[in-house]
Amino acid sequence: MAIEKNQVVELEYTLRDPQTGEILDQSPEGNPLKFITGTGQIIPGLEKEIMQMNCGESKEILVKAADAYGEVNPNAFQTINKSELSNIPDLKEGMVLSGQDPQGHLITVRVHKIEGENVTLDLNHPMAGKDLLFEVKICDVRPATDEELAHGHVHDSEQDCNCNPDCGCKH
Ligand SMILES: [Zn+2]
């Protein structure tokens with residue numbers, strides 16, 4: 001039986017670069033990723049394949065960049081004056097900086113290029129433009145509770161959640 005919408009899926013995964021085989025990300029041992037299906041909590045190309053799987057099944061899933069973190073957006077580069085980054089020692093190309101956007105969201109950007117006084121920042125997701133190879137195993141599938149659906153996140157079993165729908169807490 002395939003997996004339906006509004007279910008809590010527990011998933012062990014290893015994410016590799018399909019070209020080099022390098023491990024980019026991995027669910028910690030004994031601590032699978034938990035997410036609610038149909039709510040956009042994981043990348044769409046991966047979710048689509050997982051929905052076809054059964055509990056207990058393992059699979060290798062290649063997700064093309066467009067269905068993962070998207071292609072590199074050529075407009076998501078911004079050039080600023082080096083003096084705006086004077087608080088950062090040893091500024092180098094390839095460096096990852098974190099900060100806040102004007103709305104106060106935490107963002108990370110990469111230093112794409114340094115030319116004289118001009119620093120070009122790459123605002124794309126670090127995995128934009130990359131195909132991703134996932135090895136996944138479905139460890140558990142159960143229906144999400146009404147409370148989980150209202151909160152939009154997974155709760156640990158048997159534990160009451162004291163949060164409100166907007167708290168952004170992780171259970
Ligand atoms: Zn909650």
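**Reading the model**

Reply: Begin with contacts, where two residues count if their C-beta atoms, placed from the backbone, lie within 7 Å. Among contacts in the protein between residues at least 6 apart in sequence, 58% join residues at least 24 apart. This is a predicted model, in which local features need pLDDT of at least 70 and side-chain atom pairs count only at pLDDT 80 or more, while totals for chains, interfaces and linings use all residues. Residues are numbered from 1 along each chain as its sequence is written.

Me: What is the mean pLDDT of the protein?

Reply: pLDDT is the predictor's confidence in each residue, from 0 to 100. Where it is low, the predicted coordinates should not be read in detail. Here the mean is 90, and 91% of the residues reach 70 or more.

Me: How many helices and strands does the protein have?

Reply: Both are DSSP runs numbered from the N terminus: helices are H or I of at least four residues, strands E of at least two. This protein has two helices and nine strands, and their pattern along the sequence is β-β-β-α-β-β-β-β-β-β-α.

Me: Into which domains is the protein divided?

Reply: Domain bounds come from an automatic or database domain assignment. Domain 1 takes in 7-69 + 128-151, and domain 2 covers 77-122. Their C-alpha centres lie 31 Å apart. The C-alpha trace of the whole protein spans about 60 × 40 × 30 Å along its principal axes.

Me: What is the order of the strands in the open sheet of four?

Reply: Two strands pair if DSSP finds at least two bridges between them. The order in this open sheet is 5-8-7-6, with antiparallel pairing. Strand 5 (77-81) and strand 6 (96-100) are at the edges with a single partner strand each, so one side of each has no neighbour in the sheet.

Me: Which residues stand opposite each other in it?

Reply: Strand 6 is joined to strand 7 (residues 106-115) by five bridges. Across this pair, G99 has I107 as its bridge partner, and L97 stands opposite V109. The two strands form a hairpin with five residues between them, and G104 in the turn has a positive phi of about 90°. Five bridges also join strand 7 to strand 8 (residues 118-122), with R110 opposite D122. That hairpin has two residues between its strands, and G116 in the turn has a positive phi of about 60°.

Me: Which residues touch the most other members of the largest nonpolar core?

Reply: A residue is buried if 20 or more other C-beta atoms lie within 10 Å of its own, exposed if 12 or fewer, and partly exposed in between, with C-beta atoms placed from the backbone. A nonpolar core is a set of buried Ala, Val, Leu, Ile, Met, Phe, Trp, Tyr and Cys residues joined through C-beta atoms within 7 Å. The largest one here has 15 residues, and V8, V9, I36, L132 and F134 touch the most other members. Strand 1 (7-16), strand 3 (33-36) and strand 9 (132-143) are the elements that give two or more residues to this core. Of the 171 residues of the protein, 13% count as buried.

Me: Where is G70 found?

Reply: G70 is in the loop between strand 4 and strand 5. Leaving aside neighbours within four places in sequence, G70 is in contact with A65 and A128.
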